[in-house]
Amino acid sequence: MGTSFGRGGATTFQQDLQNADCIVVQGSNMAECHPVGFQWVMEAKARGARLIHVDPRFTRTSAVADVHVPLRAGSDIAFLGGIINYVLSNEKYFREYVLEYTNASVLVNKDFRDTEDLDGVFSGLDPESRSYDPATWRYEGLEVQAAAGRRDVEYDDRVESMAESGRGESHGSGGAALGEGHPSRDPSLRHPRCVLQVLKRHYARYTPEMVERVCGVPQDRFRQVCELITENSGRDRTTAFAYAVGWTQHTVGVQYIRTAAILQALLGNIGRPGGGILALRGHASIQGSTDIPTLFNLLPGYIPMPHAHADQDLDSFVAAEAAKKGFWGEMRSYFVSLLKAYWGDAATGANDYCFDYLPRLTGSHSTYETVMAQIDGTCKGYFLLGENPAVGSANAKMQRLGMANLDWLVVRDFSLIESATWWKDGPEIESGEMRTEDIGTEVFFMPAAAHTEKDGSFTNTQRMLQWHHKAVEPGGEARSELWFMYHLGRIIRAKLAGSSDEMDRPVLDLTWDYPTEGDIAEPDAEAVLAEINGRDGDGNPISSYTELKPDGSTSCGCWIYAGCYADGVNQPARRKPGEDQSWVAPEWGWAWPANRRILYNRASADPDGNPWSDRKALVWWDPDAGRWTGHDVPDFIADRAPDYEPPEGATGPDALAGNDPFIMQADGKAWLYVPAGLMDGPLPAHYEPQESPFENPLYKQRHNPVRHLLDPHPANRYQPSGDQPGSEVFPYVTTTYRLTEHHTAGGMSRWQPYLAELQPEFFCEISPELAGERGLEHGGWATIVSARGVIEARVMVTDRMIPLRMDGRALHQIGLPYHWGPNGYSTGDAANELLHLVLDPNTHIQECKALACDIRPGRRPRGEAALALVRSYRERAGITDQTGTDL
């Protein structure tokens, strides 16, 4: 969504779902995984809205939907692409919105070649490096800068023209910066190389017949969905999409979301009440941990982390990363204010505000590369805070092998999770692959405080910060993360005090002066919030990111959070009842940016500044006051008139025209076509998952050609796919999902007796037909096998999993909840033992929602016999270290 619209967060908020005329939940089981937010879906239904649920399984969300669409896991792009084809071929798109607010009229470079021309790949593919050169993707008449992951690769080639500048691993939440020039346009939308026509050709083969063939969705059901969505989109009606990790955890996960973004932009559903795309986060502060990130390639506020380039200074970094147009053009203000928050008085103009204190990237350092670095012996120590990779990350065996090769491991959690005990009771101890006495890792377990035992904030699904107050003191030696990190830093700084080694200066110069309170010296969480909010030159809280300066006179720990402590008031702690304020509820918590609840809401008004309809009015231009006004905080320059045209040479926010709603984009428009910023293509195309029983019916190219494959390892073998010999050994598709009663890897739920009683055992969901085919009994045991591992699960035979007709043959799918492990009250095998390590090339996230496997009756073997079973499957399938690595 960042590449499509300018920011990576949800475009809307959950309460706004009540205003939708149609809601599509896809890649999520919202009723079970987000039950509190789902009340607003039910509010919409009570008002007459239609609910569509697209999911391989029939779930509690499906049970209340008007239409449930079962489809093959891993085929969502084909399904959504078919809807796009329906919209374009039947001219159901919102023409005026598309023409004014998207890049539909822009002409694409004459050298661009689509998947239609090259049978499934785009121009610029280098098979040797498994990467794209996006030069041909650019607009005609405009130089477009490189895709995020290519920037480091192309640094040497670009260094002269870019004034010794470099590129970060990721551009953050916005689309890539655009180069110099003016793109050619065709307002008639008829030119064969205008984006709209390119889009039409790209999706022309995504017909109802092809959707049925790829997804297993009957054509009449597919057409029903197309009609419901288009009938409920337009000037007076809006449709909303909601998704979760069912979309993200694929080798083309980013392109899943891109497809929905294209559809919603074509239909005019972005920035308007009852529309948008809601990215449902699975944990209370997953959004917060990307805003103020635990991600290796980003700094707070989605500022990219610099790469290790010689002679790169602050000016060249900003010149390379900042867009010329829109609010990303102010990156220097955001970045310098962040450096001031980090290093305070030590950060001056003379030393580039301590820019050189920042670590540098030397490539991808995702969690899975870190596992490989552990196995290789280059990563010596590891902190685990709120994570349980021994059962919760893809290919759990690889996680344990990595941890077994560390010098030290620190685990902070409520309970003795599997990542704290694998060295004595993990599967490899049982199988004999490891012996406790041979493992040299020193494991430190640090008990963690629960959220009820500490002050702090959550940033939830809708970008909203909410404050929670400590109810009780933590028991025993349990401590908060804030306490742990503050005192760890304090002790390290004390040990380094007096050091003359320049390597120690970044640590010693940090601002580390947080007030503490109580017997355990707990740092004041509000003081941290105030630092994140930012201060002006006099030390007063700032109220908006527009107040940040590039000259070091302001500080701000996360520019998108600027204003969360405005006027010295803890804005996230506000709890004004809904009946005492408007439906937008601006005084309940605080949403980034600027307490704005619906992003891009300038698009809720027509080019003249009037609402597209009274029924869907949100913000509008008040000519008498000379300002934008309305129900929400306008996502636009408040006094910029609709007819404003920027002067020639204008940059940053000054370059935004009065009809540029997407203010974080380099051209102010929503991107139907992405000229730069993605590793795997300017348009989404259907590719088969890394492991699939089927060929790609759409193209000769089977998989995403630039999917992220990790170095070969015996514990991470890949399976053959499609018509490759041995693919028939793994004939079924399995997908993972979450239950209401358990939470993520189970660390917060499997130790709770009442939750363990509600969901006492790991199970698999299968259809009656598959049960008959494989001799599986309801309530009995099943053994499930992949090329990485073998697990067992109780069998649930249910009509919730129905066979699909795929390319003339039946496909059976298996559902696996992913909450289990061997520790706690409720125990069982971990679904993630089956998974491989193949990642989305943009986000480096694992593919765990579509996997080929086999299933057989009975309990799995133990010890060496389990290893022998997996080996026998590999041998039958002819698996080598090269299997599955083809382009």
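Me: Where does aspartate 509 sit?
Reply: In this predicted model, aspartate 509 is in the loop between α23 (505-508) and β17 (516-517).

Me: Buried or exposed? And why call aspartate 509 that?
Reply: Buried. Its relative accessible area is 18%, and buried means under 20%.

Me: What does aspartate 509 touch?
Reply: Leaving out residues up to four places away in sequence, aspartate 509 touches Tyr342, Trp343, Ala346, Tyr357 and Arg493.

Me: How far apart are aspartate 509 and tryptophan 343?
Reply: In sequence, 166 residues. In space, 5.8 Å, C-alpha to C-alpha.

Me: Tyr342 and Trp343 are both on that contact list. What kind of aromatic pair do tyrosine 342 and tryptophan 343 form?
Reply: The model has 39 aromatic pairs. Tyrosine 342 with tryptophan 343 is an edge-to-face one, with 5.3 Å between centres and 80° between planes.

Me: How covered is each? Start with tyrosine 342: what is its relative accessible area?
Reply: Tyrosine 342 has 25%, so it counts as partly exposed. Tryptophan 343 is buried, at 6% relative accessibility.

Me: Charges over rings next. What does arginine 479 lie over?
Reply: The face of tryptophan 483, 5.3 Å from the ring centre. There is also arginine 575, whose charged end sits over the ring of tryptophan 588 at 5.2 Å from the centre.

Me: New topic, sheets. What is the strand order in the open sheet with β13, and is the pairing parallel or antiparallel?
Reply: The order is β12-β13-β14, three strands, and the pairing is parallel. At the edges are β12 (381-385) and β14 (442-447), each pairing on one side only. From one strand to the next, the twist averages 10°.

Me: How many bridges join β13 to β14?
Reply: Six, with β13 covering residues 408-413. Aspartate 413 is opposite proline 447 in β14.

Me: Which helix lies across β12, β13 and β14?
Reply: Helix α22, residues 481-496. It runs at about 150° to β12.

Me: What about the open sheet with β15? Which order?
Reply: β15-β16-β19, three strands again, with antiparallel pairing. The edges are β15 (456-459) and β19 (590-591). Each has a single partner strand, so one side of each has no neighbour in the sheet.

Me: How many bridges between β16 and β19?
Reply: Two, antiparallel, with β16 spanning residues 464-468. Leucine 465 has tryptophan 590 in β19 as its bridge partner.

Me: Now β1. How many of its residues are buried?
Reply: Five of five, over residues 22-26. Both faces are covered. Cys22, Val24 and Gln26 are on one side, Ile23 and Val25 on the other.

Me: What does isoleucine 23 face in each? Take β8, then β2.
Reply: In β8, the bridge partner of isoleucine 23 is alanine 240. In β2, leucine 51 stands opposite isoleucine 23.

Me: Helices, then. How many residues of α15 are buried?
Reply: Six of eight, so to speak mostly covered, over residues 314-321. The buried ones are Leu314, Ser316, Phe317, Val318, Ala320 and Glu321.

Me: What do the buried residues of α15 pack against?
Reply: Against β11 (303-304) and α16 (331-343).

Me: Which helix holds aspartate 376?
Reply: α17, residues 367-376. Aspartate 376 is exposed, at 55% relative accessibility.

Me: Last one. Which residues does UniProt list for the "Molybdopterin dinucleotide-binding" domain?
Reply: The unreviewed UniProt entry lists residues 734-850. Over that range the chain is 11% helix and 29% strand, and the end C-alpha atoms are 6 Å apart.

Note on methods:
Residues are numbered from 1 along each chain as its sequence is written. This is a predicted model: local features need pLDDT of at least 70, side-chain atom pairs count only at pLDDT 80 or more; totals for chains, interfaces and linings use all residues. Side-chain values use heavy atoms; hydrogens and water are left out. UniProt positions are given in the numbering used here, feature names are shortened, and annotations may be inferred rather than shown by experiment. Helices (H or I, at least four residues) and strands (E, at least two) are DSSP runs, numbered from the N terminus. Rings of Phe, Tyr and Trp (its six-membered ring) pair if their centres lie within 6.5 Å; planes under 30 degrees apart count as stacked, over 60 as edge-to-face and the rest as tilted. Buried means under 20% relative accessible area, exposed over 50%, partly exposed in between (1.4 Å probe, protein chains only). A charge sits over a ring if NZ of Lys or CZ of Arg is within 6 Å of the ring centre and within 35 degrees of the ring normal. Two strands pair if DSSP finds at least two bridges between them. Axes are lines fitted to C-alpha atoms, for helices over the stretch in contact, and angles run from 0 to 180 degrees between N-to-C directions. Contact means heavy atoms within 4.5 Å.
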